[in-house]
Amino acid sequence: MNNFTFHNPTKIIFGKETHYEIGKELKSHGIKKALLLYGTGSIKRSGLYDATIQALKESEIEYVECDGVVSNPVISHAREAVKVAKGSKVDAIVSVGGGSVLDEAKAIAAAALVDDDVWEFFTGKVINKALPVFSILTLAATGSEMNGNSVMTNDATQQKFSFTSPHTYPKVSILNPELTFTVDPAYTAYGSVDAIAHVIEGYFTQSSGAVIQDRLSENIIRSVIESTEIIMENPHNYDARAQMMWSATMALNGLPVVGLKDVGFPNHMIEHALSALYNIAHGAGLAIVIPAWMQWYADQKPERFERFAKEIFGLQEAGKGIAALKAWFHSIGAPVSLAEVNIPKSDFPDIAANAAELAQMWGLGSDYHEKEILEILELAI
């Protein structure tokens, strides 16, 4: 195991009816006025909006609202929200929704305190301060509730970039599995793929690590598979929803990769190009990319892929493990080929060029040029 420093400052409040605590948490942090950020209406249909407003009022928290965050959040909407935050002089951002809402909340929190355009943080500008972010999570997927990461799409340039900062970790994230009961089956599937993807990246790309990290990653993957299968049969199974929600949080809160060396995110790199150009759901894009990348990469680390096949699926061959994961993605309703989402082969050069730009930003440029990315795309037809 390599040397590491691990620090995660986010307070997690987990369990039934915990969303009612949002007002008390804001008050305990001295918050007077917040920007309430949410999506396109599901929280109003579910009653969560009313519950949140009630909790804010009971704790005497003033608020202004900004709705309309989409599943692949766009920078044009974030810019408008920053104007609201600045104009209303809020001292916190409250995200109510899934990872997309939370990712945009982090960007707003950083941009509200500076004169620079919010997109500059996604192209290299360092974040030195941010408004505190609080979250009520409604979808188990991205892990954004317990990390400093934000991913957004520039809808003018079709670039999907990210940042990470210690200043944008949520102060408090409230995770009530009951709030995921009504999640559409497709987005339940996409969330499961995303959680698995977060673990797979470090598991396979590491150059050296530790047995405990391997076992933690394998157990998270198994937990996601088991809980997802139960949820697909019974969406209101609380224990399965709870297991899935915490697994997704654990997958990207930093713990699975501590002590690992040379971790990269090539699957996310390629998927970001897909969702930037075609606006497909992030988890759907990952379900397409991951099996193709695994097939392309397996010969570089055969022992890792053999271990994966054995520990996750009880199989003895690396290739069978890859096939089993692809089949499982298909079984829960996720697409596993570019043809399924109507992306033609003639578009591959544009996808490769978009992904190669991100490879340079993420330090993957020496291994992933347009040629290598095209080879992976060919395996995803």
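Predicted model: local features only at pLDDT ≥ 70, side-chain atom pairs only at ≥ 80, totals over all residues.
## Contacts and burial

Buried residues make up 58% of the 381 residues in the protein.

## Overall form

The protein holds 14 helices and eight strands. Its radius of gyration is 20 Å, close to the 21 Å that the globule rule gives for 381 residues, so the protein is as compact as a globular protein of that length. Taken along the principal axes, the box that the C-alpha atoms fill is roughly 60 × 45 × 40 Å.

## Surface and charge

The accessible surface of the protein comes to about 15,600 Å², and carbon and sulfur atoms contribute 50% of that area. Among the side chains, 30 are positive and 45 are negative, and the centres of these two sets lie 6 Å apart.

## Two residues with positive phi

Most residues other than glycine have a negative phi. Against that background, Glu17 has a positive phi of about 60° although it is not a glycine, and its place is in the loop that runs between β1 (11–14) and α1 (22–28). Glu17 is exposed, with a relative accessible area of 52%, where exposed means over 50%.

Glu60 also has a positive phi of about 60°, again without being a glycine, and this residue is found in the loop between α3 (48–58) and β3 (62–66). With a relative accessible area of 65%, Glu60 is exposed.

Definitions and conventions
Residues numbered from 1 in each chain as written. Heavy atoms only, no water. Helix = DSSP H or I, 4+ residues; strand = E, 2+ residues; numbered from the N terminus. Buried < 20%, exposed > 50% of the residue type's maximum accessible area, 1.4 Å probe, protein only. Rg over C-alpha atoms; globule rule 2.2 N^0.38 Å. Areas by Shrake-Rupley, 256 points an atom, 1.4 Å probe, with all protein chains shown as cover. Lys, Arg positive; Asp, Glu negative; His and termini not counted. Charge placed at Lys NZ, Arg CZ, Asp CG, Glu CD.
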